[in-house]
Amino acid sequence: MYKLSNTAYYLETRACLEEVESCLLNGNIRAATNMLFSTVIVDIVEKLNDLPGGQGVKILDNKKINSKGESGKFQPGYEKILLI
């Protein structure tokens, strides 16, 4: 069976996609949709952090986004700022 998570480059994105697949297989469409949105945000932040020369960090700083808080989890509410 084809697994969407195998196509992800970043480990964190891959783990999120596995959760999306699990939700879909269990018939939890709403949870899968929410998790897919979160997966896109995680992937964007990972790609920004991977840009050469610290360009991604500058973009996150310019938008005043602290991608991970003290707990190591992504801070809520910055998705709109990131995507605009």
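Predicted model: local features only at pLDDT ≥ 70, side-chain atom pairs only at ≥ 80, totals over all residues.
Student: What pattern does the chain follow along the sequence?
Tutor: Start by counting the pieces: there are four helices and zero strands. Reading along the sequence then gives α-α-α-α.

Student: What share of the 84 residues in the chain is buried?
Tutor: A residue counts as buried when its relative accessible area is under 20%. As for the surface, the chain exposes about 6,100 Å², with carbon and sulfur atoms supplying 57% of that. Of the 84 residues, the buried share is 29%.

Student: How are H1 and H2 oriented to each other, roughly parallel or roughly antiparallel?
Tutor: Two packed helices are described by the angle and the distance between their axes. Here the axes of H1 and H2 come within 8 Å and cross at roughly 170°. Angles over 145 degrees count as roughly antiparallel, so H1 and H2 are roughly antiparallel.

Student: How many nonpolar, polar and charged residues does the contact of H1 with H2 have?
Tutor: On the H1 side, the residues include Cys16, Leu17, Val20 and Leu24. H2 brings in, among them, Ile29, Met35, Leu36 and Val42. Sorted by class, the contact has 11 nonpolar, two polar and four charged residues.

Student: Is threonine 13 buried or exposed?
Tutor: Threonine 13 sits in helix H1. Leaving out residues up to four places away in sequence, threonine 13 touches Ala8, Thr39, Val42, Asp43 and Glu46. Its relative accessible area is 5%, and the cut-off is under 20%, so threonine 13 is buried.

Student: How far apart in space are valine 42 and threonine 13, C-alpha to C-alpha?
Tutor: Valine 42 belongs to helix H2, and at 8% relative accessibility it counts as buried. Along the sequence, valine 42 and threonine 13 are 29 residues apart. In space, C-alpha to C-alpha, the distance between valine 42 and threonine 13 is 6.5 Å.

Student: Which residues is glutamate 46 in contact with, leaving aside its neighbours within four places in sequence?
Tutor: Glutamate 46 has its place in helix H2. With 18% relative accessibility, glutamate 46 is under the 20% cut-off, so it counts as buried. Once its neighbours within four places are set aside, the contacts of glutamate 46 are Tyr10, Glu12 and Thr13.

Student: What separates isoleucine 44 from glycine 56 in space, C-alpha to C-alpha?
Tutor: In sequence, isoleucine 44 and glycine 56 are 12 residues apart. Their C-alpha to C-alpha distance in space is 9.8 Å.

Student: What is the separation between the C-alpha atoms of asparagine 49 and isoleucine 59?
Tutor: Asparagine 49 is found in helix H2, where it counts as partly exposed at 38% relative accessibility. Along the chain, asparagine 49 and isoleucine 59 are 10 residues apart. Their C-alpha atoms are separated by 9.3 Å.

Definitions and conventions
Residues numbered from 1 in each chain as written. Heavy atoms only, no water. Helix = DSSP H or I, 4+ residues; strand = E, 2+ residues; numbered from the N terminus. Buried < 20%, exposed > 50% of the residue type's maximum accessible area, 1.4 Å probe, protein only. Areas by Shrake-Rupley, 256 points an atom, 1.4 Å probe, with all protein chains shown as cover. Contact = heavy atoms within 4.5 Å. Axes fitted to C-alpha atoms, helices over the stretch in contact; angles between N-to-C directions. Parallel < 35°, antiparallel > 145°, perpendicular 65-115°, else oblique. Nonpolar A, V, L, I, M, F, W, Y, C, P; charged D, E, K, R; others polar.
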